[in-house]
Amino acid sequence: MRKTATRLRLAGALAAALMLGGIATGPTAQADERHGKEPTLADLAQRHGRYFGSATDNPELVDEPYKALLGSEFDQITPGNGMKWYATEPQQGVFDFSQGDEIVNLARANRQKVRGHTLVWHSQLPGWLTEREWTAPELRAVLKKHVQAEVRHYRGKVFAWDVVNEAFNEDGTYRESVFYKTLGPGYIADALLWAHQADPRVKLYLNDYNIEAIGPKSDAYYKLAKELKAKGVPLHGIGLQAHLALQYGYPTTLEDNLRRFSRLGLDTSLTEVDIRMQLPATEEKLAQQAEWYRDLTEACLAVRRCVGITLWDYTDKYSWIPAFFPGEGAALPWDEQLAPKPAYFALREALGGR
């Protein structure tokens, strides 16, 4: 798998990263190249008709160097937490969109597009929703009101929504969330329909982790997507989170998986990309990580309806990994000092840059 050439390239990339410490970036490829600046990852992705984005979270936005790079290197942002149910409807029927609005306003100032994340998820729900029993009619009304209120608020401000997040278990059975247990599997189609009613132009996705490779969990999404499409339910895409880990192996059937969803008439996106490793990070692990970043980017570029890639934040400084996977980390293309790592240069190369 291009081992010798890859290691030579990555050795040069590592040296470049150490020398650079940071990359000067600008808003458009043409302007940058006229002035001798490197095109950004977003500029390079746009040449292929794709976007290249990053998640972010509100507490990070006081970090000016971080915010500057976020605003210049990427053309798409996903709010990591600010649009989730606990943040947007902390009390029943009382909505607070301030955190999401802050990120949308930042994106607009930087001429970036926003992916909405997420409307229906089993996690990070407010206490008022999880601490009581609901009848099916009660919960159905609560769910409809929440979905439509949030989608209406962001109508015209986001280009896509992760409508239902993480609906399946690893074996392809439905996750027994409060929504599934009370409403049955039909809650997914209902949420998509309600979101479409609130904003007929926004792209609607189902989103999950460990569905990069063909297997029981991705098969469940394929089967569900096929059924929803046959029924005329408004589903436009599948989000593959792509939280990968070196110790578990690369999903070698990723490209084939993207293609089969495309054949259903669906877009796909790599929505929450990071590639963690067991610490300490070594040159060899960083080289392998960079190769994986290159491979998943090339897989997306090879499938016309894979429309974009989003890092789950771009820097190890704000990665979620160490808190959830003790002893693991170094998952992102920029290090904790905002210096580019070999993975950054691998991404550039995959996108056709220098």
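User: What does buried mean here?
Analyst: A residue is buried when its relative accessible area is under 20%, exposed when over 50%, and partly exposed in between (1.4 Å probe, protein chains only). This is a predicted model, where local features need pLDDT of at least 70 and side-chain atom pairs count only at pLDDT 80 or more, while totals for chains, interfaces and linings use all residues. Residues are numbered from 1 along each chain as its sequence is written, and side-chain values use heavy atoms, leaving out hydrogens and water.

User: Thanks! How many helices and strands are there?
Analyst: The chain has 15 helices and 10 strands. Those are DSSP runs numbered from the N terminus: helices are H or I with at least four residues, strands are E with at least two. Of the chain's 354 residues, 57% are buried.

User: Why is strand β9 called largely enclosed?
Analyst: Because five of the six residues in β9 (residues 306-311) are buried, the rest of the structure largely encloses this strand.

User: And which residue of β9 is the bridge partner of F52?
Analyst: That is I309. Strand β1 (residues 51-56) pairs with β9 in the parallel sense over four bridges; pairing takes at least two DSSP bridges between two strands. Strand β8 (residues 267-278) also pairs with β9 in the parallel sense, over four bridges, and there L270 stands opposite I309.

User: New topic: is N81 buried or exposed?
Analyst: N81 has 19% relative accessibility, so it counts as buried. It is in the loop between β2 (76-79) and α5 (85-88).

User: What does N81 touch?
Analyst: Leaving aside residues up to four places away in sequence, N81 touches D57, Y86, A87 and Q124. Contact means heavy atoms within 4.5 Å.

User: Last one: at what angle do α11 and α12 pack?
Analyst: Helix α11 (residues 216-230) and helix α12 (residues 254-263) pack at about 10 degrees, with their axes 10 Å apart. The contact involves S218, D219, Y221 and Y222 of α11 and N257, R260 and F261 of α12. Axes are lines fitted to C-alpha atoms, for helices over the stretch in contact, and angles run from 0 to 180 degrees between N-to-C directions.
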